[in-house]
Amino acid sequence: MKLFDFLRSPAHEDSSKLDRRKFIGYGCACCFSAGGFITKAQAQIPEVQKHLTAARIAAGTDLLPYLKLAEVADRSLRDPNSLTPQQMMALPAPPPGKAFDNLYFVGSKWVSCWAITTSEGIILIDAMDNDDEAENIIDKGMRELGLDPTQIKMIVVTHGHGDHYGGLGYLKRRYGPSIHFSEIDWKMMSTQLEFDRPYWGRAPQRDMTKDLALQHGDVIRLGDTKIEVMLTPGHTLGTISLLFDVRQGRQTLRAFLWGGTAFNFGMRPERMSRIQSYIDATDKARRIALEQNIEVFISNHNGYDEAVEKLAKIRTQMPTEKNPFVIGAQATHRALTVMHECATATQIAWKSTKT
Ligand SMILES: [Zn+2]
């Protein structure tokens with residue numbers, strides 16, 4: 001059985017019955033560059049290659065991780081040595097770190113959790129895979145950084161896949177924060193999960209008294225901090241990306257956290273509309289990047305923004321040196337262009353499929 005047939009089969013709904021080794025054999029589709037099965041001939045269509053060339057040019061030498069998305073349209077670009085999500089999860093957690101005065105990283109090599117400090121408590125963005133990671137990476141990492149996890153007042157989750165919500169159970173039990181997803185992904189999680197894995201925590205149930213169902217354009221506020229919500233569908237139908245300010249010293253910069261990068265919907269029947277919404281979202285976002293001078297572009301996966309490597313650099317460089325998270329609005333625009341062009345190339349290749 002092929003991966004996507006397997007994921008759509010009723011058996012995967014009850015993940016507790018499944019053998020974990022089976023999943024490792026199939027690899028993880030969520031948040032990974034898994035895509036439709038494009039042939040070599042389709043990949044070589046001039047129009048496909050034209051968009052992949054545009055992606056390569058936009059990536060330059062500084063944004064190469066985003067070019068992983070090109071592997072979907074042209075499988076010959078796939079790196080045979082890249083680690084699977086499971087292999088990355090098994091690596092020792094990197095040290096937690098401070099990216100800005102009000103933005104901290106607590107995550108693994110695979111998936112990130114960001115903590116935004118405010119005048120009235122802490123907002124977490126995402127909750128990693130499961131309770132174990134929530135306790136030993138998020139909670140422990142925050143304490144190591146001098147942050148008090150009892151101050152976690154809310155958790156905003158970028159989309160309804162378990163590598164972002166899996167640790168909510170632990171955090172809710174310990175600290176009782178409100179939990180916010182897009183309305184679309186709340187609905188997806190309460191009806192039919194797109195993906196599930198035995199090593200993910202269970203999908204949360206919405207507490208109607210305090211958990212928000214976010215819409216495009218909503219603003220989340222806590223104390224002196226506001227986060228603007230942008231619906232950026234594609235990765236899931238309700239993926240949200242977040243715009244907020246980060247501070248270093250007296251400087252305030254605009255930051256953008258992208259909520260879902262990979263094309264994880266390769267063989268789904270609605271793949272064309274999904275990738276079209278991704279193409280539209282990245283186009284809109286790159287224009288906003290220039291309009292709002294968004295100099296900081298981060299991800300919920302280290303494989304794209306290289307947050308772990310940037311934090312390691314901050315630890316060894318002089319305080320007067322430039323913060324590597326500040327890439328500039330042009331680079332933010334280029335990163336979104338890589339995503340946009342890879343998605344366009346993929347769509348063209350898919351359209352050429354006689355199915
Ligand atoms: Zn995902």
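Is methionine 128 buried or exposed, and how many other C-beta atoms lie within 10 Å? Methionine 128 is buried, with 33 other C-beta atoms within 10 Å. (A residue is buried if 20 or more other C-beta atoms lie within 10 Å of its own, exposed if 12 or fewer, and partly exposed in between, with C-beta atoms placed from the backbone.)

## What you're looking at

This is a predicted model, where local features need pLDDT of at least 70, side-chain atom pairs count only at pLDDT 80 or more, and totals for chains, interfaces and linings use all residues. Residues are numbered from 1 along each chain as its sequence is written.

The chain holds 14 helices and 12 strands. (Both are DSSP runs numbered from the N terminus: helices are H or I with at least four residues, strands are E with at least two.) Of the 355 residues in the chain, 50% are buried. Take the contacts between residues at least 6 apart in sequence: 74% of them join residues at least 24 apart. (Two residues are in contact if their C-beta atoms, placed from the backbone, lie within 7 Å.)

## The sheet of seven strands

Let's start with the open sheet of 7 strands, which runs in the order S1-S2-S3-S4-S5-S6-S7 with mixed pairing. (Two strands pair if DSSP finds at least two bridges between them.) Strand S1 (97-100) and strand S7 (213-214) stand at the edges with a single partner strand each, so one side of each has no neighbour in the sheet.

Now walk through part of it. S3 (residues 114-118) and S4 (residues 121-125) run antiparallel, joined by 5 bridges, and they form a hairpin with 2 residues between them. Isoleucine 116 stands opposite isoleucine 123 in S4. S4 is mostly covered, with 4 of its 5 residues buried. On to S5: S4 and S5 run parallel, with 4 bridges joining them, and isoleucine 125 has valine 156 in S5 as its bridge partner. S5 (residues 152-156) also pairs with S6 (residues 178-182), in the parallel sense over 3 bridges. There, valine 156 has histidine 180 in S6 as its bridge partner.

Most residues other than glycine have a negative phi. Aspartate 126, though, has a positive phi near 75 degrees, and methionine 128 has a positive phi near 60 degrees. What about alanine 127? Leaving aside neighbours within four places in sequence, alanine 127 has contacts that include Cys113, Ala134, Ile155, His164 and Leu171.

Helix H9 (residues 168-175) lies across S5 and S6, at about 155 degrees to S5. (Axes are lines fitted to C-alpha atoms, for helices over the stretch in contact, and angles run from 0 to 180 degrees between N-to-C directions.) The buried residues of H9 are Leu168, Tyr170, Leu171 and Lys172, and what covers them includes H7, S5, helix H8 (162-165) and S6. Glycine 176 follows H9, with a positive phi near 60 degrees.

H9 packs with helix H7 (residues 131-144) at an angle of about 65 degrees, their axes 6 Å apart. Asp131, Ala134 and Glu135 of H7 make the contact with Gly169, Tyr170 and Leu171 of H9.

Helix H14 (residues 329-351) has 23 residues and reaches 33 Å from its first C-alpha to its last, close to the 33 Å expected at 1.5 Å a residue. (The expected span is 1.5 Å times one less than the number of residues.) Because 19 of its 23 residues are buried, H14 is largely enclosed by the rest of the structure.

The largest nonpolar core has 95 residues, and those with the most contacts inside it include Ala127, Ile155, Val338 and Cys342. (A nonpolar core is a set of buried Ala, Val, Leu, Ile, Met, Phe, Trp, Tyr and Cys residues joined through C-beta atoms within 7 Å.) H14 gives the most to this core, with 11 residues.

S9 (residues 225-231) and S10 (residues 240-248) pair in the antiparallel sense over 4 bridges, and glutamate 228 has leucine 243 in S10 as its bridge partner.
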